[in-house]
Amino acid sequence: MNFMAALGIVSPVAQGIFGIQAAKSGAAAKKRQADYQAGIARLNAQVAKQNASYALQVGESQAQRIGMASRAQAGQIKVAQSGSGLDVNSGSNVEVQESQREIARADQATIRSNAAHRAFGYEVEAMNATAQGELATAAGQDAETAGDYAAWSSILGTASSVADKWMQWSKVG
């Protein structure tokens, strides 16, 4: 076998080895990137879930504060009514007191509803982030598979090229 024939066979083998390494390396880089994105998405989902919980806690705290203020106001109303010399347990005085309590209940319900609405937005955000994380994980797995296919393609291409060179050399030599 002469030097040129040997070089003709060694060159495709070297190209094949480098092709395999490039395919595997590229796939590994894409997998690492996808894993990073999946990790960030998981963190975003966790933060969104915490924000949902916090929104509900803040809403409940505000509703309780409104309830306490309402009870204080109810006491002031009764004191004012009794100071006028009227019966605080009958007639329009009772209706005024009940109206004040209904307004307070409505305010509390509004606060809780708004908090639930904010929490729901965060929960949707968490679901979206979880889905993005799952997609990134799948993309990483796909990148690995594609790298394997590319490596095998390089191996087959190398084998074909070496066989072709070997056949050419066999005919000449």
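Reader: How many helices and strands make up the secondary structure of the protein?

Author: This is a predicted model, in which local features need pLDDT of at least 70, side-chain atom pairs count only at pLDDT 80 or more, and totals for chains, interfaces and linings use all residues. Residues are numbered from 1 along each chain as its sequence is written, and side-chain values use heavy atoms, with hydrogens and water left out. Helices (H or I, at least four residues) and strands (E, at least two) are DSSP runs, numbered from the N terminus. On that basis the protein has two helices and zero strands.

Reader: What is the radius of gyration of the protein, against that of a compact globule of 173 residues?

Author: The radius is taken over C-alpha atoms, and the globule rule is 2.2 Å times the number of residues to the power 0.38. Along the principal axes, the C-alpha atoms fill a box of roughly 130 × 15 × 10 Å. A compact globule of 173 residues would come near 16 Å, but the protein has 37 Å.

Reader: Is Q81 buried or exposed?

Author: Q81 belongs to helix α1, residues 3–83. Buried means under 20% relative accessible area, exposed over 50%, and partly exposed in between (1.4 Å probe, protein chains only). The relative accessible area of Q81 is 8%, so Q81 is buried.

Reader: Which residues does Q81 touch, not counting those up to four places away in sequence?

Author: Contact means heavy atoms within 4.5 Å. With residues up to four places away in sequence not counted, Q81 touches L86, V88, N93, V96 and Q97.
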